[in-house]
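Subject: Structure handover and notes

Hello,

Here is the structure we spoke about, with the sequence. Please load it before reading on, as the notes below refer to it throughout.

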Amino acid sequence: MNHSTTLSLLSSVAMAPRDPILGVTEAYNQSTHPDKINLGVGVYYDDRGKVPLLDCVRAAEAALQLDPKPHTYLPIDGLAAYNKAVGALLFDGCTALAEQRVVTLQTAGGTGALKVGADFFRRFFPEAQVWISNPSWENHAALFESAGFVVNHYPYYDAAGNGIDFAAMLEALEHVPTGNIVLLHACCHNPTGLDLDEGRWEQVLGVIARRGLIPFLDMAYQGFGAGLAADGKVVRRFADGGLTVFVSSTFSKSFSLYGERIGALSVVAADADAAARLQSQLKRTIRTNYSSPPEHGARLVATVLGSAPLRAMWEQELAAMRERIRTTRRDLRLRLEALAPGRDFSFLTRQSGLFSYTGLDKEQVRRLREEYAIYTLDTGRICVAAVNSGNIERVAQAIATVSA
Ligand SMILES: Cc1ncc(COP(=O)(O)O)c(C=O)c1O
């Protein structure tokens, strides 16, 4: 092939669609409005509008600097101390953990865990299809599709009541073919902020077990909802539910370590032997993808989780982030109810985690952007932590007006 043919071949590659979330941030960055607000982000901001550097992370970083290590490769499945600490955090008290049939592998963020899991399933269960809530985090469908899967959606959000259409969800799951993969948000559902209660989770577990489906639990916000232990309950319940379970988790949000890309893929298998075989195949998947994970974030998390005082510090800082989100939800609801008496904003305090589905439609989101320089996703999802004491009044006024 000569030079000019190669050039023309590549010039036929079309532009990829813009990422819907990053696109909002680009538009926000371009705005020259002095009081512009970006509610479209997927990151926890403190009340000053900053991404926090947690004190426990600062302390771990200082400790690591006192004992510098050469930057050699980590093993394919990551830092052993990190994997052990993550396993203990996620499966605390589980029989499966005691029976040594849980394996945890360090991955490049929660996204890496989902991708390694997806590639693994594609290799061993190429006929399976994937089922994702409608709606879900945008990258879920894209990621499984790029791994080669057909991705289907099960009903979840009920727009009319700003709640969950649980009957429709359960009915859909009843018809998912055996051996298919069902992706579930373990807590703090992104984007709706709406989670199933315990009784409903039991019903979901029942259908999944009865129909022989493979649950893939994604937990990106442990500690942002009701607390570390409470948010992790679903993972622990599934782990001891007599099923093979895949769990993706990440410390991006709970440790505010976004750029370190520090997550994990855990698998609960039937017995220790099956766990070892699955681990060996997952390592192969990683080896042919990025070979081995990055080091620094794993050392930070392992240091914090491995030290009683640093762990206590982390739990306190996580509780403070959670409390700020809860207070902001309450305050925004109160402001909106004061500005628009008689209208129902109770969804704000019924939802949990970083996000709220406000029920705003595309046109109302456009008005927020054009009339108030308030940027958010077309779906009406807002990041509650992007609201702070300096902008809550403007946010409330704008939402009350455009949704009137
Ligand atoms: C539901 C969900 N899963 C996974 C992730 C990925 O997390 P990470 O940034 O650690 O890759 C996110 C991040 O926003 C998320 O919201």
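The notes below go through domains, pockets, cavities, cores and backbone details.

Please keep in mind that this is a predicted model.

Domains

The protein splits into domain 1 (19–54 + 311–402) and domain 2 (73–306). Taken over C-alpha atoms, the centres of the two domains are 27 Å apart. Domain 1 puts 29 residues into the contact, and domain 2 likewise puts in 29 residues.

The largest pocket has a volume of about 630 Å³. It is lined by 30 residues, and those closest to its centre are Gly42, Thr111, Trp137, Tyr221 and Lys253. Two or more lining residues come from each of α2 (20–30), α6 (109–124), α7 (138–146) and β8 (214–219). Both domains take part, since the lining of the largest pocket has at least three residues from domain 1 (19–54 + 311–402) and at least three from domain 2 (73–306). By class, this lining holds 14 nonpolar, 10 polar and 6 charged residues.

Of its 18 lining residues, Leu196, Trp201, Ala230, Lys233 and Val234 lie nearest the centre. The elements α9 (198–211), α10 (228–231) and α11 (233–239) each give two or more residues to the lining of this pocket. The largest share is that of α11, with 4 residues. The lining of the second largest pocket divides into 9 nonpolar, 2 polar and 7 charged residues.

Cavities

How many cavities of 30 Å³ or more does a search of the whole structure find? There are 2.

The largest cavity holds about 90 Å³ of space. It has 13 lining residues, with Leu89, Gln222, Ser249, Thr250 and Phe251 closest to its centre. Both α4 (80–90) and β9 supply at least two residues of this lining, and α4 gives the most, with 3 residues. The class count for the largest cavity is 9 nonpolar and 4 polar residues, with no charged residues.

The second largest cavity has a volume of about 50 Å³. Its lining consists of Ser133, Tyr154, Tyr156, Met169, Leu184, His185, His189, Asp195, Leu196 and Trp201. By class, that is 6 nonpolar, 3 polar and 1 charged residues. Two of these names have come up already: Leu196 and Trp201 line the second largest cavity, and they are also among the residues nearest the centre of the second largest pocket. If you place probes or grids in this part of the model, treat the pocket and the cavity as separate entries.

Nonpolar cores

The largest nonpolar core has 102 residues, and the members that touch the most others are Tyr82, Leu184, Val204, Phe238, Phe255 and Trp314. This core draws at least three residues from each of domain 1 (19–54 + 311–402) and domain 2 (73–306).

What does Phe255 touch, not counting residues up to four places away in sequence? Its partners are Leu54, Cys56, Val57, Val301, Val304, Leu305 and Trp314. A second, separate core has 30 residues, including Leu114, Ile132, Ile181 and Phe216.

Backbone details

Two peptide bonds deserve a look. The bond joining Asn134 and Pro135 is cis, with omega about 5 degrees, and Pro135 sits in the loop between β3 (130–134) and α7. The bond from Asn190 to Pro191 is also cis, with omega near 20 degrees; Pro191 is in the loop between β7 (181–185) and α9.

Two residues other than glycine have positive phi. For Asn162 the value is about 40 degrees, and the residue lies in the loop between β5 (157–158) and β6 (163–164). Is Asn162 buried or exposed? Asn162 counts as buried because its relative accessibility is 7%. For Ser256, phi is near 55 degrees. Ser256 is located in the loop between β9 (245–250) and β10 (262–268), and is buried as well, with a relative accessible area of 11%.

Regards

Notes
Residues are numbered from 1 along each chain as its sequence is written. This is a predicted model: local features need pLDDT of at least 70, side-chain atom pairs count only at pLDDT 80 or more; totals for chains, interfaces and linings use all residues. Side-chain values use heavy atoms; hydrogens and water are left out. On a 1 Å grid over the protein atoms alone, a cavity is a set of points where a 1.4 Å probe fits but cannot get out, and a pocket is an open set with protein on both sides within 12 Å along at least five of seven lines; lining residues have an atom within 4 Å of a point. Grid points are joined across faces, edges and corners, and a volume is the space filled by probe spheres set on the points. Ala, Val, Leu, Ile, Met, Phe, Trp, Tyr, Cys and Pro count as nonpolar, Asp, Glu, Lys and Arg as charged, and the others, Gly among them, as polar. Domain bounds come from an automatic or database domain assignment. A nonpolar core is a set of buried Ala, Val, Leu, Ile, Met, Phe, Trp, Tyr and Cys residues joined through side-chain atoms within 4.5 Å. Buried means under 20% relative accessible area, exposed over 50%, partly exposed in between (1.4 Å probe, protein chains only). Contact means heavy atoms within 4.5 Å.
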